[in-house]
Amino acid sequence: MPTPDLLDPEKEHTLILIKPDGFRRGLTGEVLRRIEAKGYVLKGLKIKRADEELLREHYFEHLERPFFADLVEYMSSGPVVAVVAEGDRVIEGMRNLMGATNPTLAAPGTIRGDLGRDWGTGNIENIVHGSDSPTSAEREIALWFPELQYHD
């Protein structure tokens, strides 16, 4: 039986999702290149079709919002690339690397600023998701990578 992958408890981790629009547009390699160029270490990587149950757990804070059904439809419209990245202050660093949520307002040089735009769909198709706090990162990594464990 293979040994589960282990995460270093001394390091910070974040979940990054390359959303269906990023995958569909062939931007996975570019996003991963930027993560690694920043010096973060990839600890988990998989291509997955997210089902409604996973998305309900992932976006639980939006369950009652009017856009939730559209969000689930968008996020389940194609494959998602899930990534666990490790590094000092990786959550904050990745949030800066991704740029503002709205790709029209995201600064040039960021993933969303360089690669995203408003497609007029009503959804914010902004290529990537990143955990916004250590608590969110731990919860999200457990959802998308239940096989990853911390070691002492």
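# Legends to close-up views of a predicted protein model

View 1. The protein has 7 helices and 6 strands. Helices (H or I, at least four residues) and strands (E, at least two) are DSSP runs, numbered from the N terminus. Along the sequence they follow the pattern β-β-α-α-β-α-α-β-α-α-β-α-β. This is a predicted model, in which local features need pLDDT of at least 70 and side-chain atom pairs count only at pLDDT 80 or more, while totals for chains, interfaces and linings use all residues. Residues are numbered from 1 along each chain as its sequence is written, and side-chain values use heavy atoms, with hydrogens and water left out.

**View 2. Overall size and surface.** The C-alpha atoms fill a box of roughly 45 × 35 × 25 Å along the principal axes. A compact globule of 152 residues would have a radius of gyration near 15 Å, and the 15 Å of this protein agrees with that. The radius is taken over C-alpha atoms, and the globule rule is 2.2 Å times the number of residues to the power 0.38. Buried residues make up 44% of the 152 residues. Buried means under 20% relative accessible area, exposed over 50%, and partly exposed in between (1.4 Å probe, protein chains only). The protein exposes about 8300 Å², and carbon and sulfur atoms supply 50% of this area. Accessible areas come from the Shrake-Rupley method with a 1.4 Å probe; for residues, only the protein chains shown count as cover.

Contacts are heavy atoms within 4.5 Å. Of the contacts between residues at least 6 apart in sequence, 77% join residues at least 24 apart.

**View 3. The largest nonpolar core, around Ile35.** This core has 20 residues, and those with the most contacts inside it are Val31, Ile35, Met94, Ile111, Ile127 and Val128. The elements that give it two or more residues are β2 (12-18), α2 (28-37), β4 (80-87), α5 (90-98) and α6 (111-115). The largest share, 5 residues, comes from α5. A nonpolar core is a set of buried Ala, Val, Leu, Ile, Met, Phe, Trp, Tyr and Cys residues joined through side-chain atoms within 4.5 Å. What does Ile35 touch, not counting residues up to four places away in sequence? Its partners are Ile16, Tyr40, Leu42, Ala85, Met94 and Leu97.

View 4. Tyr59 sits in the loop between α3 (52-58) and α4 (68-75). With a relative accessible area of 7%, Tyr59 is buried. Leaving aside residues up to four places away in sequence, Tyr59 touches Lys19, Phe68, Leu71 and Met75. His62 is found in the loop between α3 and α4. The relative accessible area of His62 is 17%, so His62 counts as buried. Beyond four places in sequence, His62 touches Phe67, Phe68 and Leu71.

**View 5. Val83 and Phe145.** Val83 lies in strand β4, and Phe145 in the loop between α7 (134-144) and β6 (149-150). Val83 is buried, with a relative accessible area of 0%; Phe145 is buried too, with 2%. Their C-alpha atoms are separated by 8.9 Å, although Phe145 and Val83 are 62 residues apart along the chain. Val83 and Ile18 are 65 residues apart in sequence and 8.0 Å apart in space, C-alpha to C-alpha. Not counting residues up to four places away, Val83 touches Thr14, Leu15, Ile16, Leu32, Leu42, Gly44, Leu45 and Phe145.

View 6. Most residues other than glycine have a negative phi. Arg89 is not a glycine, yet has a positive phi of about 55°. The place of Arg89 is in the loop between β4 and α5. Is Arg89 buried or exposed? At 57% relative accessibility, Arg89 counts as exposed. Ile127, also a residue other than glycine, has a positive phi near 75°. Ile127 lies in the loop between α6 and β5 (128-130). Its relative accessibility is 0%, so Ile127 counts as buried.
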